[in-house]
Amino acid sequence: MIKLTVNGAPATFDGDPSMPLLWFLRDVQGLTGTKFGCGVAQCGACTVHVNGEPRRSCVSPIGTLEGADVTTIEGAKGKETEAVRAAWVAIDVPQCGYCQSGQIMSAVGLLSMNPKPTDEDIDLAMTGNVCRCCTYHRIRAAIHDAAGRMEG
């Protein structure tokens, strides 16, 4: 039996350990905010945090996550998350919205490690997150806005 924490609550799984974390979250836990995009870790729609760092859940077998602390878009909180959420609304980032949970989790991960990112830092951190509506300029602006909000 695999034991882990999901959004601060204990969780267990006794099924196939090769099941991707994404399907455990969506089908077993009922947390549908994390999206399926490509299934090969190329688009970032499935990004969650594992032990505080962004990870593609579509290629992360649940069997490798014994004792891990997993945070999804539903459980994200803290000053970085609040700043990103406020900036996303202020800048009006989402268009179709499909990629947004992954984009936000990657942005929160970036700001957690680097509270004052440059354009290059943002581009590098967000490279693996694809937006089919091409709102990249608004995403970058929102991350700068969030960084400013965190300064106070």
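A residue counts as buried when its relative accessible area is under 20%. In this predicted model, F13 and F24 are both buried. The structure contains two aromatic pairs, five salt bridges and zero disulfides.

**Aromatic contacts**

- F13 and F24 are each buried.

**Cysteines**

- The count of disulfides is zero.
- C58 takes part in no disulfide, and the nearest cysteine sulfur, that of C46, is 3.6 Å away; a disulfide would require the two sulfur atoms to lie within 2.5 Å.
- C58 has a relative accessibility of 10% and therefore counts as buried.
- C96 is likewise in no disulfide, with the sulfur of C133, the nearest one from a cysteine, 3.7 Å away.
- C96 counts as partly exposed because its relative accessibility is 44%.

- The side chains of E82 and R85 form a salt bridge with an N to O distance of 3.6 Å.
- Both residues lie in helix α2 (residues 79-91), and because they are three residues apart, about one helical turn separates E82 from R85.
- E82 is partly exposed at a relative accessible area of 44%, and R85 is partly exposed at 30%.

- E151 and K116 meet through their side chains in a salt bridge of 3.1 Å, N to O.
- E151 is in helix α5 (residues 136-151), whereas K116 is in the loop between α3 (100-113) and α4 (119-126), so the pair ties together parts that are 35 residues apart in sequence.
- E151 and K116 are both exposed.

- The side chains of D123 and R140 form a salt bridge at 2.7 Å, N to O.
- This pair also connects distant parts of the chain: D123 lies in helix α4 and R140 in helix α5, 17 residues apart.
- D123 counts as partly exposed because its relative accessibility is 37%, and R140 is partly exposed with a relative accessible area of 29%.

How values were computed
Residues are numbered from 1 along each chain as its sequence is written. This is a predicted model: local features need pLDDT of at least 70, side-chain atom pairs count only at pLDDT 80 or more; totals for chains, interfaces and linings use all residues. Side-chain values use heavy atoms; hydrogens and water are left out. Rings of Phe, Tyr and Trp (its six-membered ring) pair if their centres lie within 6.5 Å; planes under 30 degrees apart count as stacked, over 60 as edge-to-face and the rest as tilted. Buried means under 20% relative accessible area, exposed over 50%, partly exposed in between (1.4 Å probe, protein chains only). A salt bridge is a side-chain nitrogen of Lys or Arg within 4 Å of a carboxyl oxygen of Asp or Glu. Helices (H or I, at least four residues) and strands (E, at least two) are DSSP runs, numbered from the N terminus.
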